[in-house]
Amino acid sequence: MDGILCDELLEEVLRRIPFCSSSAAVSLVSKRWLRLHRSSEICIFLRLSPDNCKPPSLSSFLSDFPRLALLFVTIGGGGGGDDVSSFPDQILLSVASSCPKLRALTVKPGPVSLFPLLSLSTLCPHLTSLNIVLCRPFSFPWLVFLHSLKKLTVVLNPVPGEFEQVDASIRNFNAELKLETLVLDGIRRGDYGFDSLWKSCKKLKRLELYHCEGIGDDSSVSSFVNCFKDLQELELRICGSIGNEILSSLVEHCTSLNAPLIHNYDKGSGEGLLQFITQSRCILRKLDLCLPFDLENNHLFAVAEKFSALSSLRLRSCFLVTGDGLKTMALAMGNKLEELGLVHCKVEPGLLTTLGQSFRNLRKLDLSSNDKLVDEEFISMLASFNCLTELIVRGCEGLTNASLVSMFKCCKQLEIVDIMNCPGIGAEAVELFVLNCLQLRMLFVEESKISDVSRSWSSKKFIAVVAV
């Protein structure tokens, strides 16, 4: 059979094999199959270190993957010395010279410097997504040459590096980047190099800021608003007081935002959030908040009044919010909400029943980590949520088998269910659920609760069981 199939036909067969352990096993058949397997691969994951990889051997290895489009490199430790510090740069240079068709590249956690980035921009013209680590101070002129780049993710290493050698005049550039998604982790107040970046990001649709104390030096403040022109999605995660400043800027300069996410575990974002809710000209469709010490009922009252057309609302660890705030919001939104998340929140008695009567068109519900949730309240709620397609109750320790039975009886359209870490739910109930939940496509549950019968029926019904 091997001799009958020509290379082109065998390559086509190999490309259709799902990405799993069996796809890698084909490379063990023969040298020919190994060669064709590699020539058909478009995505690979590598873990490299100075001890197990030399740049020439990596270049030779990558040259066997002519169709490679997605590459994920994790850099591990090795011996000390200059070779270790320059190893990420050597990796990037090898990748740039060997993967001309590359579209997405991740190299972490080692920081890279300017020269290999310039090489990458020249030798990989089709690159659309890049995920790297940079050292202070920062310089972004190399972005000008990545004409196809749509998504950039940069973790900002606190340790100064080779970028210290970059002249200030080079850091400034004037361009209109095609970036649509920008993810930055670790900006400090006073960091240089961001002014030109903000000025050049006029086509951003999504901005994510993680662990940021600022948005750059003084010159960056005025240019930062250039990102807001077409911005639709914003994520602020653990950004402290800078969150208030950004929210205030959004009120004045942004009208296109429809999906903000604000997660801040320190007190200080409540005032800016309330200003944004009451004064913003945006029409929000999704809202995701984790503000344990800032979100109060008055915020939800304002949301109910201003953004009653929300399709998705997610609240996490919002301990100051009470049932009154949630009920008022529910009455204002009515049947428009399709996704609701109350993760690690106070679920007071009677609240879920009220929400069930208000949110008749709810499709997705996440009640994770609500350890006070019990069967009676949960089952009463499910009677109204007959449109649910996704239900997550991970970590709800008060639920038992009765709740799982009620799920497939009341919610005939369930496709995704997460019952991980629910000790009151046993293997027999899981077996019954798999047999009777007709639309189920994915189930998250502990390995110990999957019987042979459950496993067999999951296979027959094409249900993906994610068990740990």
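**Notes on the fold**

Let me start with Thr-181, which touches Lys-150, Lys-151, Leu-152, Leu-204 and Arg-206, leaving out residues up to four places away in sequence; contact here means heavy atoms within 4.5 Å. Thr-181 sits in strand S6, residues 181-185. Helices (H or I, at least four residues) and strands (E, at least two) are DSSP runs, numbered from the N terminus. Thr-181 counts as buried because its relative accessibility is 16%. Buried is under 20% relative accessible area, exposed is over 50%, and partly exposed is in between, with a 1.4 Å probe and protein chains only.

Before going on, the ground rules. This is a predicted model, in which local features need pLDDT of at least 70 and side-chain atom pairs count only at pLDDT 80 or more, while totals for chains, interfaces and linings use all residues. Residues are numbered from 1 along each chain as its sequence is written, and side-chain values use heavy atoms, with hydrogens and water left out.

Now the overall counts. The protein chain has 18 helices and 17 strands. Of its 468 residues, 51% are buried. Among contacts with a separation of 6 or more, 73% are between residues 24 or more positions apart.

Which residues touch the most other members of the largest nonpolar core? They are Leu-130, Trp-142 and Met-407, in a core of 132 residues. A nonpolar core is a set of buried Ala, Val, Leu, Ile, Met, Phe, Trp, Tyr and Cys residues joined through side-chain atoms within 4.5 Å. Apart from neighbours within four places in sequence, Trp-142 contacts Leu-114, Leu-117, Leu-118, Ser-121, Leu-130, Ile-132, Leu-134 and Leu-152.

Trp-142 also belongs to an aromatic cluster, together with Phe-138, Phe-140, Phe-194, Trp-198, Phe-224 and Phe-228. The model has nine aromatic pairs. Rings of Phe, Tyr and Trp (its six-membered ring) pair if their centres lie within 6.5 Å; planes under 30 degrees apart are stacked, over 60 edge-to-face, and the rest tilted. Phe-140 and Phe-194 make a tilted pair, 5.6 Å centre to centre with 50° between the planes. That pair links distant parts of the chain, 54 residues apart: Phe-140 is in the loop between strand S4 (129-136) and strand S5 (151-160), and Phe-194 is in the loop between S6 and helix H8 (195-200). Phe-194 also pairs with Trp-198, this time stacked, at 6.1 Å and 25°.

Next, helix H12, residues 297-306, where Asn-297, His-299, Leu-300, Ala-302, Val-303 and Ala-304 are buried. Their cover includes helix H11 (270-279), strand S10 (286-290), strand S11 (312-316) and helix H13 (323-333). In the loop between H12 and S11 is Leu-310, which is buried at 0% relative accessible area. The C-alpha atoms of Leu-310 and Leu-337 are 6.0 Å apart, across 27 residues of chain.

On a 1 Å grid over the protein atoms alone, a cavity is a set of points where a 1.4 Å probe fits but cannot get out, and lining residues have an atom within 4 Å of a point. The largest cavity holds about 30 Å³. Its lining is Leu-236, Ile-238, Cys-239, Gly-240, Gly-243, Ile-262, His-263, Asn-264 and Ser-269.

Conventions
On a 1 Å grid over the protein atoms alone, a cavity is a set of points where a 1.4 Å probe fits but cannot get out, and a pocket is an open set with protein on both sides within 12 Å along at least five of seven lines; lining residues have an atom within 4 Å of a point. Grid points are joined across faces, edges and corners, and a volume is the space filled by probe spheres set on the points.
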